[in-house]
Amino acid sequence: MPTSFREVTGLLAQLDLLRIAQRGAVLHLRLNRPDKRNAISDALVAQLQTAFVNLPETARAVVLSGEGDHFCAGLDLSALGDHSVAEGIFHSRSWHAAFEQIQFGRVPVIAVLHGAVVGGGLELASATHIRVAEASTFYGLPEGQRGLFVGGGGSARVPRLIGAARMTDMMLTGRVYDAAEGLNIGLSQYLVEDGKGLEKALALAEKVAANAPLSTFAVLHALPRIADMNRSDGLFTESLMAAIASGDPAAKGRMRAFLDGKAGKVAKS
Ligand code: 1HE
């Protein structure tokens, strides 16, 4: 596993649609097509996948944001025009592959949302684990108006956040939710003032980066799968995951530290 992007020959230079910076354990990835409102082209999908497959070992959390006035305008609409049906299927599958790397990768991903989070931009945001929305954020699924359907995993992920009924309404009527509504219905977990999203996300990233690796693994990989299981299989899997996590020396050390009065108490923030 590379310890930094620079160790992967030529990789950094190839990721020209992303701006990448690392501070300590937190890697900051910025979508970097502001003139096109960070619309997702084939190249950007591929670069996202490459970045998340090759995360340096030293990265323990990722913050994902968008350059310019908007997080992401979704699919680059100039790209789909000449697709055959078969090409459309593989195009969608390429998004699935990239976004699976984000949701089911090694590290938690915290998105900073602002401006448009629409279409494939909302699909991208919903593949991240924690979403911090600035007040300017608005959410839409204009696929219905464009004669399209979601293709970046939106039908699997968005209903799990807000329910199929709300997504149906967004797609059929073009309904747009603002940042406060988005917080209420579960599109974001945090809402902050404009310009404060990155600071909040970096602070959250520092916290999650300090968690024990097996706890993080359980939350990222076991929790969403258990949530999709029937109750009996879910409880069985939970027991296995709980035993694996608590059997790890990292857990034993942390429990001991609390009992010895050396670890923080749970407190209201
Ligand atoms: C684009 C795109 C794009 C902007 N593809 N070029 N997504 C949409 O249907 C959203 C379409 N975009 C918009 O509604 C607006 O652009 C925004 C609300 C996001 C931003 O508005 P604004 O006024 O800041 O920017 P703009 O003037 O509309 O756009 C600036 C430039 O970005 C302009 O190009 P220019 O060369 O004339 O300067 C736009 O054409 C370009 N641009 N959005 C291509 N999306 C896996 S399936 C997923 C399916 C979907 O995502 S469907 C939803 C697609």
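Student: How do the axes of H2 and H3 sit relative to each other, roughly parallel or roughly antiparallel?
Tutor: Bear in mind that this is a predicted model. The axes of helix H2 (residues 42-53) and helix H3 (residues 85-103) come within 8 Å and cross at roughly 30°. Angles under 35 degrees count as roughly parallel, so H2 relative to H3 is roughly parallel.

Student: And is the crossing of H2 and H3 left-handed or right-handed?
Tutor: Look at how H2 passes H3 in the model. That crossing is left-handed.

Student: On to the ligand: which residues come nearest?
Tutor: There are 22 residues around the ligand. Out of those, the ones that come nearest are Lys36, Ala73, Leu75, Gly120 and Arg146.

Student: How much of the ligand's accessible area does the protein cover?
Tutor: On its own, the ligand has 1,000 Å² of accessible area. The protein's share of cover is 65%.

Student: How many residues of the shell around the ligand are charged?
Tutor: Strand E5 (116-118), helix H4 (120-126) and helix H5 (143-146) each supply at least two residues of that shell. By class, the shell has nine nonpolar and six polar residues, and the charged ones number seven.

Note on methods:
Residues are numbered from 1 along each chain as its sequence is written. This is a predicted model: local features need pLDDT of at least 70, side-chain atom pairs count only at pLDDT 80 or more; totals for chains, interfaces and linings use all residues. Side-chain values use heavy atoms; hydrogens and water are left out. A residue is near a molecule or strand if one of its heavy atoms lies within 4 Å of it. Accessible areas come from the Shrake-Rupley method with a 1.4 Å probe; for residues, only the protein chains shown count as cover. Helices (H or I, at least four residues) and strands (E, at least two) are DSSP runs, numbered from the N terminus. Ala, Val, Leu, Ile, Met, Phe, Trp, Tyr, Cys and Pro count as nonpolar, Asp, Glu, Lys and Arg as charged, and the others, Gly among them, as polar. Axes are lines fitted to C-alpha atoms, for helices over the stretch in contact, and angles run from 0 to 180 degrees between N-to-C directions. Angles under 35 degrees count as roughly parallel, over 145 as roughly antiparallel, 65 to 115 as roughly perpendicular and the rest as oblique. A crossing is left-handed if the near helix is turned anticlockwise from the far one by less than a right angle, and right-handed if clockwise.
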